[in-house]
Amino acid sequence: MRWRILQRFMNANVHVIGTQSLLMGLRGMQRSTVVSAAAKGGAALGAVAATNWVLKDTLGKLVRMAWASKMGRKFDSDAKRWRYRACFIYALGNGLEVSTYLHPRFFLVLAMLANSCKQVSMLTSSATRNALYNSFRRMDDDVDTVGTGSNSTLKSSINGGRRRGVVENIGDITAKGEAQIAVVDLLGIASGICLSRAIGVSVQNVLTVWSVLQLGEIYCMYHEIRSIVYQTLNFERMYTVLGRLLPVDDESGSANGESCCCDRIPTPDQIAAEEKVFLPPDHLGRKEIAFGSAGRSVLSPGELDVLIRDVFRGERFFLAVGADEKNKRGLSARFRQMLRQKKGLSGLDPQEQCHIVLHAEADNLDILKSCLALCVLRQRLVGKFDGGDNFENIRTRDCIADLRYAKANSDVIFPQLLDQLTRQGWRPPLRSMLGRVSARAEWTIDYDNTDS
């Protein structure tokens, strides 16, 4: 909380400096047009100023609406990263506001861009606020835990459907947090007014003070975001946990489910200290790479039938192997292939050539288990094909044994994983935390001879 208080205090000071620069830039713009407006009377200057001020706000609102429609679904599952990025967008907006004082001729353009950046930042900040407050939510001791009992118990826990022990105190947390911030903002505004009077209208002084305050705000925001510890899994945290879970055989380089070391699962505090807060996740840790449609890699009717009715029978997911027909020619794919060549590896990365296809009714339990199976399969394929050109033409029918191996090992590991997640302090993941997986398929699930 102390980092947030410092960040908001500096933000209020920066806001005052930015508003002062806008007003001085507006005055400079009026001076540059005073000759042409003198014949129309003094009222013309006020009309010009009012028009420019309204126009900058109008564009900001339009950009805000466009940003909300484009990015709204991404905030809940990646709140920490987007909140920190919003800080940089807000800093850009403040910088553009200060630049209106340096270049008053371009006041309208600079002010519109500044307001657009600030509107985007404020929308992102408000959209991620509740998701961040969720990390402080209090829970009773009788919360449904993720155990190793029946499937029905697991599903009711991990889906977050009936959380009888949750104390819904989000409103209380939000109200107290916003009240504290309101006090800090008032103190910051008062401090900013005193500071603006002290530095005067010198361009050098304004730029120096703005730079120091802005860097200080970003520094405080970094520590504020770092201090937030989520006890629920999003996809990136889930990928990190699963990557630590699976040991690798020295000889084959493949995952060994029977000797799975569940004590390797990191705690929420350990993940919070390591996870990225600005840069995007690792390529293999991105949801778009792990999940896809059945048409992402070429699947014949026979291959599809074997996956659904044999290898992954009774499951609401299956794994497919094959080159990504949709993304293999992209610029990022070429860059990754170039990096592989520098490491002395040829061909495609086997880990990129397999993905999950979810059933339309798959829930969080299925997502977690499918990701576990995918991690096992990736390690298996690396030990089998990495460094060779022959993988480029490999398809699902050539890896049926590996798919069976991944499925069998995930069946063994999964109950241990669920039990150890609870022991390490992880809570059942909210549906919103795992994000939206739109690429799904429908097929008839045969539950014969399976535990459902």
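**Exercise 1. Find how strands β1 and β2 pair, and name the partner of Leu-319.**

Solution. Start with the two strands of this predicted model: β1 covers residues 317–321, and its pairing with β2 is antiparallel, over 5 bridges. Next, look across from Leu-319: its bridge partner in β2 is Ile-356.

**Exercise 2. Work out how β2 pairs with β3.**

Solution. Then pick out a facing pair: Arg-440 in β3 lies opposite Leu-358.

**Exercise 3. Decide whether β2 is enclosed or open, one face at a time.**

Solution. Recall that side chains in a regular strand alternate between the two faces of the sheet. On one side of β2, Cys-354, Ile-356 and Leu-358 are buried; on the other, so are His-355, Val-357 and His-359. Now count: 6 of the 6 residues in β2 (354–359) are buried, so the strand is largely enclosed by the rest of the structure.

**Exercise 4. Describe the surroundings of Ser-410.**

Solution. First place Ser-410 in helix α15, residues 400–423. Its relative accessibility is 0%, so with a cut-off of under 20% Ser-410 counts as buried. Leaving out residues up to four places away in sequence, Ser-410 touches Lys-369, Leu-372 and Ala-373. Finally, the C-alpha atoms of Ser-410 and Leu-377 are 9.7 Å apart, with the two residues 33 apart along the chain.

Methods
Residues numbered from 1 in each chain as written. Predicted model: local features only at pLDDT ≥ 70, side-chain atom pairs only at ≥ 80, totals over all residues. Heavy atoms only, no water. Helix = DSSP H or I, 4+ residues; strand = E, 2+ residues; numbered from the N terminus. Buried < 20%, exposed > 50% of the residue type's maximum accessible area, 1.4 Å probe, protein only. Contact = heavy atoms within 4.5 Å. Pairing = 2+ DSSP bridges.
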